[in-house]
Amino acid sequence: MSTPTAYDIVIIGAGPAGQKAAIQGAKAGKRVALIERERGIGGSCVYRGTIPSKTLRESALHINRLRRASEAFEFRIKPDAEISALLSRLEEVVQTHDTFMSKQLRRNGISLFHGRARFLNDRTIEMQSVDGARQQFTAEHFVIATGSRPRNPPEFPVDHEHILDSDSLLSMIYLPRSLAIIGGGVIGCEYASIFALLGVQVTLIDRATAPLQFMDQELVAQFVTSFEQRGGQYLGGQTINSMAWDGATQVVTILGDGQIIKSEKLLVALGRQANVEDLNLAAAGLQINAKGSLSVNQYCQTDVPHIYAAGDMVGAPALASKAMEQGRRSVRHALNLPIGDALSTIPLGIYTIPEMASIGMDEKAASERYRNPIVGRAKFEEIARAQISGSSDGLLKMIADPRGERLLGIQIVGESATELIHLGQMALQQGAMIESFIDSVFNFPTYAEAYRVAALDILGQAAKRDTAAAA
Ligand SMILES: Cc1cc2nc3c(=O)[nH]c(=O)nc-3n(C[C@H](O)[C@H](O)[C@H](O)COP(=O)(O)OP(=O)(O)OC[C@H]3O[C@@H](n4cnc5c(N)ncnc54)[C@H](O)[C@@H]3O)c2cc1C
């Protein structure tokens with residue numbers, strides 16, 4: 001065994017969290033080692049999550065646009081269309097991303113190693129390469145950014161052929177005729193709406209009466225309506241009695257209420273579980289919590305102060321954007337650099353069709369905090385840009401304090417929601433007043449105009465309250 005190599009910071013995992021942690025460390029002039037067990041860099045975000053699912057989504061939207069443009073010709077996608085054709089640009093996107101990231105790591109002088117890392121003690125890591133060679137690293141600080149994988153409880157017999165998880169879903173060769181999805185979280189809902197738009201008969205099943213319980217339920221109701229208008233079915237309030245491949249053509253799922261759902265394929269989408277097993281955390285003095293991940297403080301510091309953890313491995317929300325920010329802030333904290341409080345305003349973006357996005361308080365949270373917040377609404381059907389593009393199933397909700405003065409949050413469902421939310425985010429971070437949306441001139445026609453319409457709605461309601469109070 002060679003003597004350990006000393007670094008200032010050693011980071012385990014080259015997904016979004018690990019990459020941003022590494023770049024931050026190098027930019028501060030530190031010697032950084034980044035250890036990744038896979039050949040490529042980018043984590044589940046690049047290979048099994050964000051980029052593949054959004055590439056498929058783009059194909060679904062593109063096909064839908066073609067379908068709408070050629071309604072007279074009854075354009076229809078082939079029933080046995082190959083998934084690879086629908087992911088035609090994926091390899092190119094992944095390759096471009098990989099090349100860009102590798103260059104960025106090299107340019108910043110980050111040492112990238114490929115192998116599986118585990119702690120020997122709280123200051124030493126051992127990495128085993130695919131050829132079995134072992135190498136040790138010591139450091140002042142460590143960042144664990146090992147991400148997560150699909151949570152597949154044993155009662156759901158995932159075989160990756162008929163019963164799939166989100167890692168194996170896109171390895172299907174052909175587009176199935178029918179797909180049952182267990183789990184109404186982000187991944188379940190995104191795939192449900194994508195496959196429904198591609199013409200697959202989708203049944204989305206969940207314990208809760210409505211999906212996406214953490215989102216504003218008015219937005220969710222609009223999503224469910226759009227999904228069902230496209231032929232999808234949401235079955236809420238359900239438990240699963242059994243699920244099995246019939247050995248011939250279908251997966252047969254028996255629900256708690258006795259309903260039998262038969263589908264060509266089934267997706268288990270029951271959340272994520274942190275990758276902690278390989279790390280030998282006990283040797284570093286660390287313990288996993290009841291959720292199977294590491295607990296951290298607001299600076300992503302674990303119970304061992306020089307060991308940080310960031311991204312999916314510390315739990316929800318499992319978002320690449322959050323992972324990047326946590327990677328960055330963990331290293332800034334380790335190096336005593338100013339951090340800022342951006343974590344309180346992380347936006348949520350859900351790439352369902354239609355999209356959803358959220359920042360700050362929703363109506364429920366605002367009602368718990370203030371007795372009577374004012375909620376302004378702008379329906380996309382009132383917005384010229386949405387009328388032109390034929391995508392008027394959208395809504396922007398602006399939440400204000402009971403006087404209708406200060407912005408508390410924004411919730412959006414509809415075309416471009418995940419982009420539009422950033423205008424609200426900037427306003428929220430600056431402590432903007434509702435009037436500032438009325439004093440601003442927006443391009444016409446734009447979706448952003450919805451902000452002005454919602455703000456006017458708030459001012460109208462505030463004026464009525466004042467009149468009622470004066471009477
Ligand atoms: C289907 C799907 C769609 C998604 N869509 C979106 C989206 O639209 N927007 C969004 O923001 N997020 C999305 N996400 C979530 C996003 O992909 C994750 O939040 C993000 O990848 C988490 O980054 P991370 O760095 O924490 O972990 P990961 O990306 O999982 O990276 C962890 C890395 O650590 C490596 N590793 C693990 N153990 C070891 C070890 N012992 N030694 C060395 N290396 C190790 C892994 O190989 C991996 O490369 C989606 C996820 C899925 C599954």
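Colleague: How many aromatic pairs does the count come to?

Modeller: This is a predicted model: local features need pLDDT of at least 70, side-chain atom pairs count only at pLDDT 80 or more, and totals for chains, interfaces and linings use all residues. Residues are numbered from 1 along each chain as its sequence is written, and side-chain values use heavy atoms, without hydrogens and water. Rings of Phe, Tyr and Trp (its six-membered ring) pair if their centres lie within 6.5 Å. By this rule, the aromatic pairs number eight.

Colleague: What kind of aromatic pair do F119 and F142 form?

Modeller: Plane angles set the class: under 30 degrees apart is stacked, over 60 is edge-to-face, and the rest is tilted. The F119 and F142 planes stand at 65°, with the centres 5.6 Å apart. The pair is therefore edge-to-face.

Colleague: Which strands hold F119 and F142?

Modeller: Strands (E, at least two residues) and helices (H or I, at least four) are DSSP runs, numbered from the N terminus. The pair ties together parts that are 23 residues apart in sequence, because F119 lies in strand 4 (residues 116–121) and F142 in strand 6 (residues 134–144). The names are strand 4 and strand 6.

Colleague: Is F142 buried or exposed?

Modeller: Buried means under 20% relative accessible area, exposed over 50%, and partly exposed in between (1.4 Å probe, protein chains only). F142 has a relative accessible area of 0%. So F142 is buried.

Colleague: What kind of aromatic pair do F380 and Y447 form?

Modeller: The ring centres of F380 and Y447 are 5.5 Å apart, and the planes make 35°. The pair links distant parts of the chain, 67 residues apart: F380 is in the loop between strand 20 (374–379) and helix 10 (384–389), Y447 in the loop between helix 12 and helix 13. F380 is buried at 0%, and Y447 is buried at 8%. The aromatic pair is tilted.

Colleague: Which residues do ring pairs link into a cluster?

Modeller: The link is made through ring pairs. The cluster holds Y7, F113 and F137.

Colleague: How many salt bridges does the count come to?

Modeller: Side chains of opposite charge can pair when their charged atoms come close. A salt bridge here is a side-chain nitrogen of Lys or Arg within 4 Å of a carboxyl oxygen of Asp or Glu. By this rule, the count is 16.

Colleague: How far apart are N and O in the salt bridge of D278 and R37?

Modeller: The side chains of D278 and R37 meet at 3.7 Å, N to O. D278 lies in the loop between strand 16 (272–274) and strand 17 (307–309) and R37 in the loop between strand 2 (32–36) and helix 2 (43–47), so this bridge ties together parts 241 residues apart in sequence. D278 is partly exposed at 34%, as R37 is at 43%. The N to O value is 3.7 Å.

Colleague: Which residue meets E277 in a salt bridge?

Modeller: The N to O distance of this bridge is 3.0 Å. E277 lies in the loop between strand 16 and strand 17 and its partner in strand 7 (residues 148–150), so the pair ties together parts that are 128 residues apart in sequence. The partner is R149.

Colleague: Is R403 buried or exposed?

Modeller: R403 forms a salt bridge with E405, the closest N and O atoms being 3.4 Å apart. E405 is partly exposed, at 34% relative accessibility. R403 has a relative accessible area of 59%, so R403 counts as exposed.

Colleague: What is omega of the cis peptide bond that joins F444 and P445?

Modeller: P445 is found in the loop between helix 12 (435–439) and helix 13 (449–470). A cis peptide bond also joins I353 and P354, with omega about 0°. For F444 and P445, omega is about -5°.

Colleague: Is C300 buried or exposed?

Modeller: C300 sits in the loop between strand 16 and strand 17. Its phi is positive, near 70°, in a residue other than glycine. With a relative accessible area of 1%, C300 is buried.
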